[in-house]
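User: Can you walk me through this model? I'd like to start with the interface and then look at some side-chain pairs.

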Amino acid sequence: MIKINDLEFSVSDGRHGRKKLIQVDELNISQGSFVLITGETGSGKSTLLSLIGGMNRPTSGTVKVLDRTISKLSDHFLSEYRREQIGFLFQFFHLIDNLSVFDNIALALVPYNLSFSALQQRVELVVKQVGLKGKEDFIAQNLSGGERQKCALARAIINNPSILIADEPTANLDKAAKLALLELLYSFNRNGMTVLVVSHDPLFEDNAIIDQKIVMSSGKVIAL
Amino acid sequence: MFNISFIKFSLKMMFSSRRELIAVFMLYTCLIFILSSFFLMKNSLFNAFDHLIDGKPELIIQNMQGGKAVNTPLSWADEILEIDGVGQVYPRLFGTYFFEQGRDFFTLVGFSLLEESYDSEIQSIIDGVDFKSFQNQEGIYVGLGVQKLLRSHYYTDSFSFFYGSGKKLTLPILGHFSKKSQLETNDLILLSKQSIRLILNIDENFATDLVANIPNPAEKVIVATKVRELFPNARILDIVDLKVNMKRNYDIFGGTFFALFLLPLVAFLILFYTKISALTEKGRSQVAILRAIGWEIPLVMSWHLFNAFFIASLAYMVGVLCSYFFVFTLNAPGLSQLFLGQANLSASFNFTAVIPLETLFYLFIVTVFPYTLASVIPIYRSSIVSPLEVLR
């Protein structure tokens with residue numbers, strides 16, 4: 001499902017040359033798997049996620065997702081790819097603080113030009129799925145950490161993506177919220193969604209739900 | 001792209017940053033209010049000014065002695081009439097009268113019901129005057145500024161002029177001029193020729209000046225030369241001279257006007273610069289979130305275009321409406337003095353509502369569009385950056 005070949009991503013080092021952030025010769029991730037990506041800070045985990053998620057384009061090499069080479073897509077198609085195939089979950093939730101739960105989730109549907117009633121229906125459905133029913137009108141900044149992450153998760157899955165990308169999703173949550181989130185991620189995974197998680201959390205390590213573990217160091221995959 | 005959901009969420013996101021929104025809105029409204037007030041005042045004044053200029057006669061002939069204008073002999077009129085190209089010659093009677101109690105000057109203009117026609121200036125003044133009131137009795141017709149000043153000194157029905165060595169002439173106030181003609185009639189008192197001759201001590205054989213009507217404007221210079229040959233001490237003014245004189249009067253205020261006009265303009269530039277150069281961390285984060293969840297660059301930019309256009313248009317409308325109220329209802333307290341320093345009783349001039357649609361349209365173009373476009377530049381810059389770099 002996800003096929004990476006000769007992938008290289010570098011950025012300008014501000015002086016003469018370029019700094020190589022990641023170099024992956026080959027990496028395959030099968031559809032519907034639960035993948036954990038680990039490694040020390042600065043090892044290139046988040047960069048790898050950004051390349052799979054279409055947030056960055058590689059300097060060289062290819063990233064193929066569902067038989068589509070996303071590394072060569074224009075911004076228009078890359079945005080469409082992020083909208084339709086990818087759901088993002090961040091460590092710091094990244095909600096728009098002054099908007100309500102409903103509005104934060106519905107923002108992901110705005111590009112579809114849906115009628116308000118259709119939009120409302122879909123939001124209600126995911127709100128129920130993540131367990132935020134009754135809190136649609138709450139302002140995001142007034143929610144607890146666990147609720148904010150649930151809201152972010154609802155926004156990530158509202159377009160029913162093929163891949164859910166989570167970058168340190170449990171780092172700012174208490175134990176109960178972590179377990180609740182893990183349960184939700186697992187339930188989506190069981191329904192066929194590929195879940196890619198970057199985490200140092202022991203909760204994910206040696207957990208039976210993990211199908212594949214990728215260890216990175218200095219921008220390279222050192223263990224699969 | 002601009003469906004109901006888009007507009008609804010754009011407005012929601014905009015109103016979610018209320019403090020910032022109110023600050024920008026207030027600042028922008030104030031700037032537009034100041035600019036619009038200047039334009040409305042200038043337009044109203046120049047409209048009245050144009051009206052005044054249009055009514056001016058072609059040539060004015062004054063008798064000069066030692067560089068000072070003195071009364072003009074009526075016998076000059078007969079000689080001037082014999083010059084080829086001269087249509088008619090009218091004698092005019094006018095002058096200033098010092099109202100001691102009010103410590104201000106009035107302009108007296110004399111007219112006669114028996115004369116069939118007047119020069120165009122007097123004609124423009126007496127338009128709207130109720131002549132029936134003059135048929136029955138001697139009296140005066142006053143400008144609104146005069147009326148106000150007289151009332152404040154309890155002259156409501158009549159006014160007493162003092163002339164000669166302590167003599168008094170009391171005349172009833174028969175009416176007042178309309179607000180429309182206020183720029184030219186504000187400090188004016190219209191009265192009979194007999195009365196003005198008495199008050200200003202003008203002999204029967206003299207007038208204040210003469211006005212020659214020249215049907216063919218091309219002959220104006222020749223006629224002026226011939227008049228000067230006949231009367232070497234005559235001063236001849238034509239409409240061009242008057243325009244130059246009046247323009248000069250208004251130019252006195254040009255510098256101040258420019259300085260005050262520059263102030264909001266500089267504020268605009270600062271606002272634009274702030275808009276162009278920086279986007280707050282919150283703003284960058286919002287753009288990155290929207291990009292991450294699949295909003296395309298044009299959609300993100302449309303969202304900001306819509307927001308900026310909405311705020312700027314609303315501020316424009318409120319600013320213009322406030323300035324309309326400030327200028328035409330409150331009569332621009334504080335700012336009107338800038339324009340009206342040179343006339344007698346100038347402070348009492350009322351701005352007549354004239355909507356300069358073209359000027360307001362240009363104001364809309366130069367204020368709303370640059371702001372709207374300026375706000376999109378930092379959004380574009382943030383949109384092309386990888387969302388992950390901002391959100392990390």
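User: Anything to know before we start?

Analyst: This is a predicted model, where local features need pLDDT of at least 70, side-chain atom pairs count only at pLDDT 80 or more, and totals for chains, interfaces and linings use all residues. Residues are numbered from 1 along each chain as its sequence is written, chains are lettered from A and ligands numbered from 1 in the order in which they are written, and side-chain values use heavy atoms, with hydrogens and water left out.

User: OK. How many residues does the contact take from chain B and from chain A?

Analyst: Chain B gives 27 residues and chain A gives 30 residues. Contact means heavy atoms within 4.5 Å.

User: And what area do chain B and chain A bury between them?

Analyst: About 2600 Å², with 61% of it on carbon and sulfur atoms. Buried area is the accessible area (1.4 Å probe) that two parts lose on being put together, summed over both.

User: How many salt bridges are there across the interface of chain B and chain A?

Analyst: Three, by the rule. That rule asks for a side-chain nitrogen of Lys or Arg within 4 Å of a carboxyl oxygen of Asp or Glu. A:Asp103 pairs with B:Lys12 in a salt bridge, with the closest N and O atoms 2.8 Å apart.

User: Which elements of chain B give two or more residues to the side that touches chain A?

Analyst: They are α1 (4–16), α12 (281–292), α13 (297–329) and α16 (387–391) of chain B. The largest share, seven residues, comes from α1(B). Helices (H or I, at least four residues) and strands (E, at least two) are DSSP runs, numbered from the N terminus.

User: Switching topic. How many helices and strands does chain B have?

Analyst: Chain B has 16 helices and 12 strands. Of its 392 residues, 50% are buried. Buried means under 20% relative accessible area, exposed over 50%, partly exposed in between (1.4 Å probe, protein chains only).

User: Which residues of helix α8 of chain B are buried?

Analyst: In α8 (residues 193–200), they are B:Lys193, B:Ser195, B:Ile196, B:Arg197 and B:Ile199.

User: What covers the buried residues of α8(B)?

Analyst: The cover includes β4 (88–99), β5 (104–111), β7 (158–163), β8 (167–176), β9 (188–192) and β10 (206–207) of chain B. Just after α8(B), B:Asn201 has a positive phi of about 55°.

User: Now salt bridges. How many does the structure hold over all chains?

Analyst: The total over all chains is 11. One of them joins A:Lys20 and A:Glu8, with the closest N and O atoms 3.8 Å apart. A:Lys20 sits in strand β2 (residues 18–29) and A:Glu8 in strand β1 (residues 2–12) of chain A, so the pair ties together parts 12 residues apart in sequence. A:Lys20 is partly exposed, at 46% relative accessibility.

User: What about A:Glu147, buried or exposed?

Analyst: A:Glu147 is buried, at 19% relative accessible area. Its place is in helix α5 (residues 145–157) of chain A. Leaving aside neighbours within four places in sequence, A:Glu147 is in contact with A:Leu132 and A:Lys135.

User: Which side chain does A:Glu147 meet in a salt bridge?

Analyst: That of A:Lys135, at 2.1 Å, N to O. A:Lys135 lies in the loop between α4 (116–130) and α5 of chain A, 12 residues apart from A:Glu147. A:Lys135 is partly exposed, with a relative accessible area of 26%.
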